[in-house]
Each structure stands twice: as C-alpha cells, then as structure tokens.
Amino acid sequence: MTKGRMMMKRFLVSVGGALAIVSGAAASAPAVNDGYDWTMRVNDEDRADSAILAYEVADTDDQPLNFTCEEGGNRIFAGISGGSPDLAAIDLVSGDQALRLAGTTEAEEMPYFSSTDEIAGDAPFIRAFAANGWLRMTADGAATDMAATPAGKQAIARFVAFCAG
C-alpha cells in the first residue's frame with residue numbers, strides 16, 4: 001500500500017470515528033421512569049381556561065415538574081414542588097434544544113419554584129419537547145430525565161396545541 005493510500009485510509013477511519021462520536025452526542029431519549037408520565041388537566045373555573053402539564057405519578061403528590069399556560073396565550077411557565085428553597089433557575093434539554101429558566105421559590109409549607117421567564121408556545125424547545133416526548137431537567141446540579149409513554153406524548157401534544165391556540 002502506498003503512503004498516500006495509507007494516509008487516505010487513516011483519514012477515512014478518523015472521519016468515520018468522528019461521525020460516530022457526533023451522532024452519539026445528540027441526546028437520545030431516556031427510558032420512561034416507572035410510574036411517571038406526562039398528564040394534562042384543564043381548569044375552566046377561572047376567567048380564562050388554563051391547563052397544567054405535569055410529570056407525575058398518578059394519584060400522588062410526586063410531581064418533579066409542571067408547565068402551565070392559558071388557552072391560546074402562547075406563554076408557558078414552569079413550576080417545581082419541593083426542592084431547594086434557594087432555587088433560582090432550572091435548565092431544560094430535549095434533543096438538541098436547551099433552555100434556562102429563571103424563577104423564584106416561595107417557601108411556605110413546601111418550597112415551590114415558579115419560572116419568571118416564560119416560554120413561547122412555539123419556541124424551538126417546546127417544539128423539540130413535543131416531537132421527542134421527553135426532557136431532562138437540571139435543578140441545583142441534579143439532573144432528572146422525564147420521558148413519556150405513548151399516552152404522555154399525546155398529553156404533551158394536546159398541551160402545546162392548547163397553549164399556542
């Protein structure tokens with residue numbers, strides 16, 4: 001084999017290895033956490049219809065993250081029950097989309113974080129979340145994967161449509 005052909009072969013192996021690393025770098029869907037799923041509830045008692053999309057265990061208070069919006073308002077807010085009373089921001093990732101949300105934590109009986117930053121209903125992160133059916137939240141340095149079942153993916157799609165109007 002000539003020196004030029006050996007260099008070309010090494011180059012192709014290097015490029016192939018780099019492509020494998022790059023394709024592996026895209027965040028893949030995490031496994032569904034046993035008992036958890038995304039569920040949507042609509043509240044029509046207030047002046048405007050509002051909805052909540054929560055990652056939760058059914059019939060419990062175990063809800064690491066929720067999103068709220070008013071129908072057609074194109075503004076989504078995040079909330080977390082429990083956790084650190086000093087929490088001031090969370091990071092969300094779904095696929096290749098990432099988002100940092102600032103907020104405040106009220107510490108009454110149980111700390112509750114509310115994002116002060118809003119997410120547009122058609123933001124790239126929301127579109128990625130709806131398409132992927134999962135997200136990873138990092139709060140106080142701890143990451144939590146939140147993947148949907150098929151029913152949860154439908155709840156996410158309904159919520160996004162409800163919020164965007």
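## Strand pairing around E2

Strands E2 and E3 run antiparallel and are joined by 6 bridges; two strands count as paired if DSSP finds at least two bridges between them. One of these bridges sets Tyr 55 against its partner Leu 65 in E3. Helices (H or I, at least four residues) and strands (E, at least two) are DSSP runs, numbered from the N terminus. This is a predicted model, in which local features need pLDDT of at least 70 and side-chain atom pairs count only at pLDDT 80 or more, while totals for chains, interfaces and linings use all residues. Residues are numbered from 1 along each chain as its sequence is written, and side-chain values use heavy atoms, with hydrogens and water left out.

E2 also pairs with E1: the two strands run antiparallel, with 8 bridges between them. Here Met 40 has Leu 53 of E2 as its bridge partner. E2 is mostly covered, since 7 of its 8 residues are buried. Buried means under 20% relative accessible area, exposed means over 50%, and partly exposed lies in between (1.4 Å probe, protein chains only).

## Nonpolar core

The largest nonpolar core contains 32 residues. Such a core is a set of buried Ala, Val, Leu, Ile, Met, Phe, Trp, Tyr and Cys residues joined through side-chain atoms within 4.5 Å. The residues with the most contacts inside this core are Trp 38, Leu 65, Phe 67, Ile 90 and Leu 135. At least two core residues come from each of strands E1 (36-43), E2 (50-57), E3, E4 (75-81), E5 (89-94) and E9 (134-139), and from each of helices H2 (124-132) and H3. The element that gives the most to this core is H3, with 6 residues.

## Disulfide

The model has 1 disulfide, a disulfide being a pair of cysteine sulfur atoms within 2.5 Å. Cys 69 is joined to Cys 163, with an S to S distance of 1.9 Å. The link between Cys 69 and Cys 163 is left-handed, with -80° about the S-S bond.

Cys 69 is buried at 5% relative accessible area, and Cys 163 is buried at 0%.

## Salt bridges

There are 4 salt bridges in the structure, each defined as a side-chain nitrogen of Lys or Arg within 4 Å of a carboxyl oxygen of Asp or Glu. Side chains of opposite charge can pair when their charged atoms come close. One of the salt bridges is between Glu 56 and Arg 41, whose closest N and O atoms are 2.7 Å apart. This pair links distant parts of the chain, with Glu 56 in strand E2 and Arg 41 in strand E1, 15 residues apart. Glu 56 is buried, at 10% relative accessibility, whereas Arg 41 is partly exposed, at 38%.

Another salt bridge joins Arg 75 and Glu 118, with 3.2 Å between the closest N and O atoms. Arg 75 lies in strand E4 and Glu 118 in the loop between strands E7 (111-115) and E8 (119-120), so this contact ties together parts that are 43 residues apart in sequence. Arg 75 is partly exposed at 42% relative accessibility, and Glu 118 is partly exposed with a relative accessible area of 42%. Arg 136 and Asp 145 also form a salt bridge, their closest N and O atoms being 2.5 Å apart. Arg 136 counts as partly exposed at 27% relative accessibility, as does Asp 145 at 25%.

## Positive phi in two loops

Most residues other than glycine have a negative phi. Asp 59 has a positive phi of about 60° although it is not a glycine. Asp 59 sits in the loop between E2 and E3, the strands joined by 6 bridges. At 86% relative accessibility, Asp 59 is exposed.

Asp 140 also has a positive phi, near 55°, and is a residue other than glycine. The loop that holds Asp 140 lies between E9 and strand E10 (142-147). Asp 140 is exposed, with a relative accessible area of 53%.
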